[in-house]
Amino acid sequence: MTQLAPVVGIALAVVAVLATLVVLLIVRRRRAAALAAQEAELFEEAPPPPQRRRNFGPGAGTAADQADMPDDGPSLPAFVTAAQAASADAQPTAPFVAEPPAPRQSRGLPAAIAGALAQAVVFRQSFPPAPTGAHSFYGGVPFTPGPLEWPRAAHTDLPLHFLLQVDCAQVPPRARLGVLPGSGALLFFADLSAAPGGAATTEGRVIWIDDAGAAEWTEAEPPADLPPAYADAAAQAWPWAIDAADAPQVLPRWPFAPAVIELTTAAHDPAAPPLTWPESAATADALLAAQGSPVAVFALSPNDFSLRDDGLMDRPWPGFPHDWLSIQTLVAMLLREAGRTSVAAARALWPDLADEDRRTLIAQIESECGEWHALARNKAAFADVTAPVRDAFWQWFSSYAPLARLVAPRGCVAAVETTLHALPGSAAAFPDELVARLAYRHALAVRTAARVHARVPDRLLAAPCETEADQSDRIRRQLLLLELSADEALGHHLGDHVLQFWITPEDLAARQFAAVEVTAPAV
């Protein structure tokens with residue numbers, strides 16, 4: 001019994017120390033809560049409504065306008081402010097053009113259709129985008145020589161979403177197949193208020209604007225009642241979004257230059273080109289040649305955000321996150337990741353915690369993400385973040401490193417790409433190596449040690465993708481004027497569907513673009 005006395009004394013002392021620590025922790029939390037309540041009393045007015053990211057570009061004036069905007073709101077969430085107070089108290093390359101074979105009859109097809117099946121006018125993106133007035137580009141708003149009568153959906157009378165613009169003069173004459181206009185611009189619109197679903201058709205329009213006699217082209221003004229894009233799936237479609245209020249009305253703007261490739265492979269009879277897009281090594285090689293400058297594939301990964309000894313994760317550069325939209329993007333992604341973390345995944349991320357503690361931690365992450373997001377969405381999207389706020393955010397973000405490292409690579413990519421397309425010419429603000437590591441996402445094809453990798457490209461006057469529905473009859477009657485596939489970087493959240501614009505050769509030659517039919521088949 002005498003031998004146990006020292007052990008009992010030590011145990012009681014440990015219990016006393018732990019009890020004291022618990023009391024101190026409770027006191028600190030109560031003081032933090034009191035400070036937060038006092039701060040809330042100072043701002044009794046209702047918070048302003050969240051800013052919808054209506055148009056991210058391309059105007060260079062956007063950055064200057066936002067830099068001049070008054071910002072009287074708080075720069076840190078309340079829980080961070082309270083914690084800090086408590087702590088203190090204690091130019092693009094010219095595109096490659098391969099001349100396609102002359103249009104010819106094949107399998108009884110009209111010459112223009114046969115010619116389209118043997119070629120493709122693909123879109124070589126300019127990355128990073130330069131601050132010049134390109135006339136061919138994805139997203140943004142149309143560039144026109146005069147006022148534009150924005151097309152509307154027949155069933156809702158709401159404006160359609162602008163997809164892209166093609167400068168017809170940039171398409172080589174032989175690739176026009178004798179039916180595409182040689183001047184002016186083609187504007188493509190579609191209803192993107194919801195992602196394509198089971199319907200085989202969707203609503204869309206094509207407008208041809210001739211530039212005869214036009215002295216100056218300017219950006220068109222989108223209608224005020226243009227609906228948000230993919231509003232019913234905003235949180236899945238837009239990296240910074242948690243609800244429909246964050247969905248933009250205008251898609252990301254990425255300039256491109258049309259380039260022509262020839263579709264021939266050893267597997268196909270040269271006199272009878274295939275009726276659908278040939279996904280072959282020869283096609284990938286043709287796309288790689290059209291890409292021109294080689295593009296490295298070295299994607300960002302969690303390894304670029306390793307946890308250091310000081311408890312902070314590595315950053316891609318010291319100035320990250322660089323603006324309020326990048327903070328909004330990171331917290332929205334972290335919030336989504338926390339919401340879908342299963343019990344088994346949580347155990348792998350935090351093996352030393354009990355299940356109840358893991359659930360509490362995830363609930364805390366979701367709550368704090370909500371506060372950061374509410375703060376960031378009411379700031380000017382591209383306004384600079386001050387160094388103290390940036391450091392406080394990164395310290396908070398790093399405190400959840402097991403989960404944060406999973407979303408940091410995608411969040412960084414989304415944040416940088418959004419700045420690049422919204423503020424053309426802003427690439428100098430980022431490390432050259434980082435920009436180079438994003439280029440593969442905008443390339444027609446890339447070469448790795450194993451082989452050439454190429455996705456099915458967006459294209460004009462070409463063979464369509466093979467779809468679940470048989471389209472052989474349509475292919476024999478109509479030209480595929482345009483096909484777009486899913487591409488998150490472009491804001492084309494189409495899932496397993498493609499958008500196809502069809503027109504007969506006769507209607508295209510006669511400039512009867514009202515006759516265009518738009519389909520959204522599954523592939």
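Author: Welcome! Let's start with β5, which is covered on both faces: Ala185, Leu187 and Phe189 on one side, and Leu186, Phe188 and Ala190 on the other, are all buried. Buried means under 20% relative accessible area, exposed means over 50%, and partly exposed lies in between (1.4 Å probe, protein chains only). The model is predicted, so local features need pLDDT of at least 70 and side-chain atom pairs count only at pLDDT 80 or more, while totals for chains, interfaces and linings use all residues. Residues are numbered from 1 along each chain as its sequence is written, and side-chain values use heavy atoms, leaving out hydrogens and water.

Reader: How many residues of β5 are buried?

Author: In a regular strand, side chains alternate between the two faces of the sheet. For β5 (residues 185-190), 6 of its 6 residues are buried. Strands (E, at least two residues) and helices (H or I, at least four) are DSSP runs, numbered from the N terminus.

Reader: Which residues stand opposite Leu187 and Leu186?

Author: Strands of a sheet pair through backbone hydrogen bonds, either parallel or antiparallel. Two strands count as paired if DSSP finds at least two bridges between them. Here β4 (residues 161-167) and β5 run antiparallel, joined by 6 bridges, and Gln165 stands opposite Leu187. On to β6: β5 pairs with β6 in the antiparallel sense over 6 bridges, with Trp208 opposite Leu186.

Reader: What is the order of the strands in the open sheet?

Author: Its 10 strands pair antiparallel in the order β6-β5-β4-β2-β8-β1-β11-β12-β13-β14. Because β6 (204-209) and β14 (517-519) each have a single partner strand, they stand at the edges, and one side of each is left without a neighbour in the sheet. Helix α6 (residues 281-291) packs on the sheet, touching β1 (119-125) and β8 (254-262); contact means heavy atoms within 4.5 Å.

Reader: At what angle do α7 and α11 pack?

Author: Two packed helices are described by the angle between their axes and the distance between the axes. Axes are lines fitted to C-alpha atoms, for helices over the stretch in contact, and angles run from 0 to 180 degrees between N-to-C directions. Helix α7 (residues 324-339) and helix α11 (residues 401-422) pack at about 145 degrees, with axes 9 Å apart. Among the residues meeting there are Leu330 and Met333 in α7, and Val407 and Ala414 in α11.

Reader: How many disulfides does the structure hold?

Author: A disulfide is a pair of cysteine sulfur atoms within 2.5 Å, and this structure holds 0. Cys369 is buried, at 0% relative accessible area, and Cys465 is buried at 8%.
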